[in-house]
Amino acid sequence: VGYAVIGGVRRATLWTGTAASWVDLHPAGAAESNAIDAGGALQVGAAEVGGVIRAGLWSGTAASWVDLHPTGAMSSQAVATDGTQQAGHAVFADQPRASVWSGTAASWVDLHPAGATRSYAYGTDGTRQVGWATVGGTDRASVWAGDAASWIDLHPAGATVSYAFDTSGTLQVGQAAINGLTHAGLWTGTAASWVDLHPGIPATLSGARATDGTHHVGWASVGFPGNFHASLWRDSAASWEDLHLVVPGTYQWTFADNVWSDGSTLYVVGYGGNSATDQVEALMWSRPLDTCAVDLAPPPDGDGSIDTNDFFQFLAYYQAQDPRADFAPPGGDGNVNTNDFFAFLAAYQAGCP
């Protein structure tokens, strides 16, 4: 999902893998619209109707538009969905407030933490919502479990600002400013669980935008700030992959915004600046999922080999029902069960890293 500018109008847009599959989601009567996320059969975003930016959702057509705008709000926007729940924010009295919906304007729930001056929700897996809240003048990565009282501050020690953008299972991904530089990172529900994904040289800055529970995508500035490269990680800085290397050379910069798999293929979507067309263009990467055991030990970073340390680390994840143990079918199926144990064991015995 995303948007296309046609006749000077930004129009919410849906694709299913090719340019030819494009569907115009622009609601009747809207001045402009933008689709921001998709999950299951739903798409979410916002449309300007009657001079007001209004959160909304679609189910595949322009005519399916549902207005989520809460009563009394100055503006609103939905930016994430898992196919059932929608997350975003609504502005009341010039104050943005993290918000969650379940399909209608009447279902709106205010996630705004006590003491915060502003807050935003940027991701949901149907159970948890992530984003950030400004508390004491500092933007702090945040996770909720459906209401304002459930707010947990994810802000890492030593960071000046932090933001969470997506969640899957027990994992959250985002970025934090460490020593003045933006670093991609992940959490497992607490500030102390922060894992720095920043790849270091040649990258100067990085950020993570989405996760499927195993793979995390985002960007890294390579060589100099502003030279953005779409990026892919697993659970460590050492696992960083530069996705920019496989796009045509006319793309000066690229971002990765979302990631998912269908059991056999890994998909990453984003966008890039094409100097040949002088346009920003939607992009998709795909490749077969890894079928080998994951180098897990010592945690949280691998040591380059598959050995007994990895086996025992997998057991720890498995017993804790951690999504990093979701291994079967190749790439995970959203559940941690005996299928994952036997799939990992087979790959471990095969010895492939």
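Select Asp-67 first: its relative accessibility is 28%, so this residue counts as partly exposed. That label covers values between buried, under 20% relative accessible area, and exposed, over 50%, with a 1.4 Å probe and protein chains only. The model is predicted, so local features need pLDDT of at least 70 and side-chain atom pairs count only at pLDDT 80 or more, while totals for chains, interfaces and linings use all residues. Residues are numbered from 1 along each chain as its sequence is written, and side-chain values use heavy atoms, with hydrogens and water left out.

Arg-54 and Asp-67 form a salt bridge, with 2.6 Å between the closest N and O atoms. The term stands for a side-chain nitrogen of Lys or Arg within 4 Å of a carboxyl oxygen of Asp or Glu. This pair links distant parts of the chain, 13 residues apart: Arg-54 belongs to strand 6 (residues 52-58) and Asp-67 to strand 7 (residues 66-67). Strands (E, at least two residues) and helices (H or I, at least four) are DSSP runs, numbered from the N terminus.

Go next to Asp-110 and Arg-97, whose side chains meet in a salt bridge at 2.7 Å, N to O. Asp-110 is in strand 11 (residues 109-110) and Arg-97 in strand 10 (residues 95-101), so parts 13 residues apart in sequence are tied together. Asp-110 has a relative accessible area of 24% and is partly exposed.

Then select Arg-287 and Glu-241, another salt bridge, at 2.7 Å from N to O. Because Arg-287 lies in strand 26 and Glu-241 in strand 23 (residues 241-242), the pair ties together parts that are 46 residues apart in sequence. Arg-287 is partly exposed at 28%, and Glu-241 is partly exposed at 30%. The structure holds six salt bridges.

Turn now to the largest nonpolar core, which has 14 residues; Val-217, Leu-243, Val-268 and Trp-285 touch the most other members. Such a core is a set of buried Ala, Val, Leu, Ile, Met, Phe, Trp, Tyr and Cys residues joined through side-chain atoms within 4.5 Å. Strand 22 (228-233), strand 24 (251-261), strand 25 (265-274) and strand 26 (279-288) each give two or more residues to this core. The largest share, three residues, comes from strand 24.

Centre the view on Val-268. Neighbours within four places in sequence aside, Val-268 is in contact with Val-217, Leu-243, Ala-256, Asn-258, Val-259, Leu-283, Met-284 and Trp-285. Contact means heavy atoms within 4.5 Å.

Last, select Leu-171, Val-173, Ala-184 and Leu-197, which are among the 12 residues of another core, lying apart from the largest one.
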